[in-house]
Each structure stands twice: as structure tokens, then as C-alpha cells.
Amino acid sequence: MTESFRIALAGNPNTGKSTLFNLLTGLKQHTGNWAGKTVNLKTGLFSFKNNKYEMIDLPGTYSLFSNSMDEKIARDYLVFEKPDVTLVILDATALERNMNLALQVMEITDRVIICINLIDEAEKLGIEINDKVLMKRLGVPVIKVSARNKSGISMLLDTIDRVVSGTILCTPYQVTYDDETEQKIKLLLPKVLEISGDKFPARWLSLRMLDGDRDLLQMIEMHISKMEV
Ligand SMILES: Nc1nc2c(ncn2[C@@H]2O[C@H](COP(=O)(O)OP(=O)(O)OP(=O)(O)O)[C@@H](O)[C@H]2O)c(=O)[nH]1
Ligand SMILES: [Mg+2]
């Protein structure tokens, strides 16, 4: 039986998201509104094995707070549209800087695949990346690719297939914050769960409440009242 899944592409600017998007979706692309919003996101289609996939090319961002329109768009897609899988594209030559976004995505959703792109550039610079260790530490699949040279792509597709079929279970690493923050999360978490249940990532939402992210809280309120109608 053919099933359909949505895959979001997240990553810092210039990490090769669109290159990978074009490679996988080719000419089957369009720009469309989503969920009645005025924001246009590029989406494309591809098939692999039995399944159909819709891929969404999110704007490049360094984080997922409410700092800019692009951050909001990427964050809102992950939180409210809940893609089946999120591919986080990291630049192999700047892994440490890029990891920040990966950790943030992993607070929002479980089904994450880390895709380390520009591996050809890293090799040129003599950078070696131990994907096995990263995979163990991060608790999600880590695949090395070069979107430009089309290497690692079949492994990536196979991994997507195994994540959507449940053959691979992701248990994303969660950042532990300082004691004071963790204490506050502990107090907030039961209340957040009471209000929004498992509709939204509760620990992440507690953190955003501590930030005082009003924009996000308004969005959440709107979604919850819509769900109650
Ligand atoms: N060497 C090399 N270059 C790559 C690779 N993937 C992408 N690039 C190049 O990196 C540049 C940025 O690629 P894009 O696909 O536009 O990156 P992006 O993440 O979509 O960028 P934004 O949409 O601005 O966030 C382009 O010049 C690509 O040709 C790769 O695997 N190896
Ligand atoms: Mg792009």
C-alpha cells in the first residue's frame, strides 16, 4: 500500500537545502500557501520504494525563536504542521555552529534525521566526521552526503524509509539546562501538559514560556481554541 509522508528540510542558510531539494524533487515542484497562511513555501514531490513524499524547503535559519520572519516560518511549520520527518541539513565544514539548530529541532520533534552535507568540502579541508559516534550521542540517524556530487543520497532515502516505517526509532538527545531553568521546567511542565496535552512539544513549550515568547504563546492559544471548537 502506498503511503504519503511530509518531509521538512531545515538548516542554516547556505547549507545546501535547496540543492538537495532540487536533486530529490526535480521538476515536481511548486510554491504554495499552507494552512491558509500568506507565507509561500516551496514544496516538491518524489517517490521512494512504496511511498510518496512531499518535501518542504524551509527558509534557512540559525535558530527557531521569534527573532525573524524566517525563523517564525520554519518554527511554525515544525510545531503546527508537524511534518512526518524533519531533515536537518548541516554544513560539514561548520558542524559546531550548525549543531545549535539541530538541537533546537530535536526539542520540537522526535522524527529527525541529521544530514551532514558538503562532505566533499570537508574532505578537502581534511575534516573527518565520525557519523557513528554522532548518531549514538544524538540518538537520531546521521547521514553524510554531498548534494552537489549526489553522494550518500541512496543511504539518505533508505533512512527516510526506515524512519517513516518505524524500523528506526529516533530518541533525540535533549539539552539539559542550568539547575534554575530545569527547576522551572519541572514546575511548568505539568501545567503545559494539562493545557495542551501531547499536541505540542511540552518541554520545548515550557522553555519558550520562560523566554516570554509572546508571539509563540499567542499562536498556541489560537490553535488550542481552534481545536476546542
Ligand atoms: N561543494 C558542495 N557545494 C554544495 C553542496 N551542496 C550545496 N552546495 C552549494 O552551496 C551553495 C548553497 O546551496 P543552496 O542549496 O542554495 O543552500 P540553501 O541551504 O538552500 O541556502 P538558503 O536557501 O539561502 O538557506 C550553492 O552554491 C550550492 O551549489 C555540496 O554537497 N558540496
Ligand atoms: Mg535555499
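Which helix gives the most to the shell around ligand 1? I looked up H1 and found that this helix leads, with three residues. Helices here are DSSP runs (H or I, at least four residues), numbered from the N terminus.

Ground rules, noted before going on. I am reading a predicted model, where local features need pLDDT of at least 70 and side-chain atom pairs count only at pLDDT 80 or more, while totals for chains, interfaces and linings use all residues. Residues are numbered from 1 along each chain as its sequence is written, chains are lettered from A and ligands numbered from 1 in the order in which they are written, and side-chain values use heavy atoms, with hydrogens and water left out.

**Ligand 1**

I listed the shell next (a residue is near if one of its heavy atoms lies within 4 Å). There are 15 residues around ligand 1, and Lys17, Ser18, Thr19, Asp120 and Ala147 come nearest. Helix H1 (17–25) and helix H4 (119–124) each supply at least two residues of this shell. By class I read three nonpolar, eight polar and four charged residues. Ala, Val, Leu, Ile, Met, Phe, Trp, Tyr, Cys and Pro count as nonpolar, Asp, Glu, Lys and Arg as charged, and the others, Gly among them, as polar.

I then checked distances to oxygen atoms of ligand 1. A polar backbone atom of Thr15 is 3.1 Å from one. For Ser146, an N or O atom in the side chain is 3.1 Å from a ligand oxygen. Arg148 has a backbone N or O atom 3.2 Å from one. On its own, ligand 1 has 650 Å² of accessible area (Shrake-Rupley method, 1.4 Å probe), and the protein covers 72% of that area.

**Largest pocket**

I turned to the largest pocket, which holds about 230 Å³ of space. Its lining has 14 residues, with Ile108, Thr109, Asp110, Phe200 and Pro201 closest to the centre. I count seven nonpolar, two polar and five charged residues in the lining. H3 has the largest share, three residues.

Where does this pocket lie? Domain 1 (4–164) and domain 2 (179–228) both give residues to the lining, so the pocket lies between them.

Note on methods
1 Å grid on protein atoms, 1.4 Å probe; cavity = no way out; pocket = protein on both sides within 12 Å on 5 of 7 lines; lining within 4 Å. Points joined across faces, edges and corners; volume = space filled by probe spheres on them. Domains from an automatic or database assignment. Polar contact = N/O pair within 3.5 Å; in protein donor to acceptor, adjacent residues only side chain to side chain.
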